[in-house]
Amino acid sequence: MPVRNERRSLWTWGYVSDEPTDEARRAAAKALSGRLGAVVEPPPAPRIEDIELRAPRIAVPDKLRDWVSQDHVERVTHTHGGHPLELLAALRGEFQHPPDAVAHPRNEDELEATLAWCDAAGCIAIPYGGGTTVVWGVNVPATCERAVTIDLDHLNGVLEIDPVSRAGRFQAGLLGPDLEAALKPHDLTLRHFPQSFPWSTVGGWVATRSGGHYATNHTHIDDFVESTRMLTPAGWFESRRLPGSGAGPSPDRLVIGSEGILGIISECWLRLQKRPRFRATAGVTFDDWASGTEAVRHVVQAKLWPANLRILDPVEAGMNAGLDGRRSLVIIGFESADIPQGPNLQAALAIARACGGQVGENDIAVDDGHGEATGRGGAVGAWRNAFIGVNAGLTIGLGLLADTFETACTWDRWPAFDAAVRERVGRVLRETMGASATLACRFTHVYPDGPAPYYSFSGVVPRGGEQEAWAAIKAEATAAVVEAGGTVTHHHAVGRMHAAGWARQRPPLFGEVLRAAKRTLDPNGILNPGVLLEA
Ligand SMILES: Cc1cc2nc3c(=O)[nH]c(=O)nc-3n(C[C@H](O)[C@H](O)[C@H](O)COP(=O)(O)OP(=O)(O)OC[C@H]3O[C@@H](n4cnc5c(N)ncnc54)[C@H](O)[C@@H]3O)c2cc1C
């Protein structure tokens, strides 16, 4: 029934072919042995056939059996999303709350029939794209009596390309690489590359308001959505293709970020661009974090709009870019389909140097449309490889707890915000992880009015104590960012994980309006209960 060639890995990000070998896992354990106190043997990966599941609690009607399955593998692979604790649970063979059935509708008629059945039978319906959610967006709630996961994998077509307006009509289950492969012959690109790009889908991106890895200007999926089509239990909800509109609140704004609680996105029109040919990249080091972040502010406020404008703090630059652990690294990259980018890079470098940045001639790479690689050498290249090669499977199950939290705040709050977050989260990290704790920060996105800092933490916790330690750290991190004036998430979405935190930052009446919208579109409350709005 599934249409994708490969099965998702249960215990690392991506597919089975992305799983590290036992040898690579043992090497990682050995490399970490200093922090772990002793070399730990990585636990064996579970065999899917050995995993125990409760029996399905519903019967699938005959007329849906062509695309709704209760197969063991299907139910196992749709139990967890991509959060590190979920990967860990999966590695340990813990699959307490599987869906009772998994639907793979092959067209909109089958999607309608599936949702109508769920609604009539009182089944929770969980829309599923690539399952890369890191905020508990695709789990079956523990208290629910029956649940069906609706995997959009068959709705994976590129339905139309409009080269005149530069837009395309895409089905929701289309994966990132397949979308870009279809656009390449047209010399077009969506140019939306979240770090989970290989395994996530168009529908997932729109549902979660995903953020691409470009740092400024058009990078969020919000920027690219021209119109949406979504099936709700109350009927179809489809907006008109428009380049812009001042006609009241935007219907698309209700769909983008709705995280599957209002309906199932089946397709959308997205704005496209010509593929970039001209590129220029440089790495600039700073002796201190504060002058580096000031340089980033000045560059983004100069409105040069670099595609890449990231700062790694000394810890992050030391761990992932090969620096000495004392200096920060600012990565600046420009690209364009039409215009050479060397002059823009030089303008940004002049600003960075004026703020105390140091850049050697070897750290600058410019490609004037000849297809030469930029940003692949030195510290910038090292960091790029670490970013692209992210693999949770190497350290999972070793007793090392690693996770991230990401946020955004305005520049006027920034230095105090960072200090408060480091102080509060640093304290709880020391309490739970002792001297093994690390806390690092980088900016993933920057705006003229503020940065989006992304904090990573890791450290050793007693094996079996991961959940408890994580909960203490996460509670403090959420309180710290919300109380310091930031957002509970910048691009990882709300899911169930951030539902309570989000309630603290939004206007209370907005929550009521969203609940009212849900009551209209999903009167029986079957879609993703507990996501966005606490149950
Ligand atoms: C290693 C890694 C790196 C990541 N990097 C980024 C990043 O750089 N930027 C970023 O924004 N996020 C990132 N994420 C988070 C995640 O990839 C995004 O939230 C992504 O948009 C989810 O897409 P998906 O297709 O996997 O959706 P899923 O995980 O399947 O679903 C996500 C949520 O959307 C709902 N949903 C899915 N499809 C539909 C649909 N068609 N209609 C209605 N609701 C739907 C689901 O019910 C769920 O609540 C990362 C995750 C991982 C594991």
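Visitor: Why is Phe95 called buried?

Guide: This model is predicted, so its values are computed from predicted atoms. Phe95 has a relative accessibility of 4%. Buried means under 20%. The value 4% falls under that cut-off, so Phe95 counts as buried.

Visitor: Where is Phe95, and what does it touch?

Guide: Phe95 lies in the loop between helix 4 and strand 2 (101-103). Leaving out residues up to four places away in sequence, Phe95 touches Leu10, Ile51, Glu52, Leu53, Val76, Thr79, His80 and Ala90. Take Val76 from that list. Val76 and Phe95 are 19 residues apart along the chain, and their C-alpha atoms are separated by 7.1 Å.

Visitor: What makes helix 4 largely enclosed by the rest of the structure?

Guide: Count its buried residues. Helix 4 (residues 84-91) has eight residues, and seven of them are buried, so the helix is largely enclosed. The seven are Leu85, Glu86, Leu87, Leu88, Ala89, Ala90 and Leu91.

Visitor: Which elements do those buried residues pack against?

Guide: They pack against helix 1 (22-31), strand 16 (400-406) and helix 15 (466-483). Gly93 follows helix 4, and its phi is positive, near 80°.

Visitor: Is Asp222 buried or exposed, and how do you know?

Guide: Asp222 has a relative accessible area of 11%. The cut-off for buried is under 20%. Therefore Asp222 is buried. Its place is in helix 8 (residues 221-224). Apart from neighbours within four places in sequence, Asp222 is in contact with Arg209, Arg253 and Ile256.

Visitor: Why is Trp305 called partly exposed?

Guide: Its relative accessible area is 32%. Buried is under 20%, and exposed is over 50%. The value 32% lies in between, so Trp305 is partly exposed. Trp305 sits in the loop between helix 10 (289-301) and strand 13 (308-312). Its phi is near 55°, a positive value in a residue other than glycine.

Visitor: How do helix 10 and helix 12 pack?

Guide: Two packed helices are described by the angle between their axes and the distance between the axes. For helix 10 and helix 12 (residues 342-354), the angle is about 145° and the axes are 9 Å apart. Their crossing is right-handed.

Visitor: Which residues meet there, and how many are nonpolar?

Guide: Ala295, His298 and Val299 in helix 10 meet Ala348, Ile351 and Ala352 in helix 12. Five of these contact residues are nonpolar, one is polar and none is charged. Ala, Val and Ile count as nonpolar, so His298 is the polar one.

Visitor: How is the chain divided into domains?

Guide: There is domain 1 (16-151), domain 2 (171-274) and domain 3 (278-491). The centres of domain 2 and domain 3 are separated by 26 Å, taken over C-alpha atoms. Their contact takes 14 residues from domain 2 and 19 residues from domain 3.

Visitor: What area do domain 2 and domain 3 bury between them?

Guide: They bury about 1,400 Å², with 49% of it on carbon and sulfur atoms. On the domain 2 side, Gln195, Ala215 and Thr216 supply 43% of the area buried against domain 3. That is more than any other three residues.

Conventions:
Residues numbered from 1 in each chain as written. Predicted model: local features only at pLDDT ≥ 70, side-chain atom pairs only at ≥ 80, totals over all residues. Heavy atoms only, no water. Helix = DSSP H or I, 4+ residues; strand = E, 2+ residues; numbered from the N terminus. Buried < 20%, exposed > 50% of the residue type's maximum accessible area, 1.4 Å probe, protein only. Axes fitted to C-alpha atoms, helices over the stretch in contact; angles between N-to-C directions. Left-handed = near helix turned anticlockwise from the far one by under 90°. Contact = heavy atoms within 4.5 Å. Domains from an automatic or database assignment. Buried area = accessible area lost by both parts, 1.4 Å probe.
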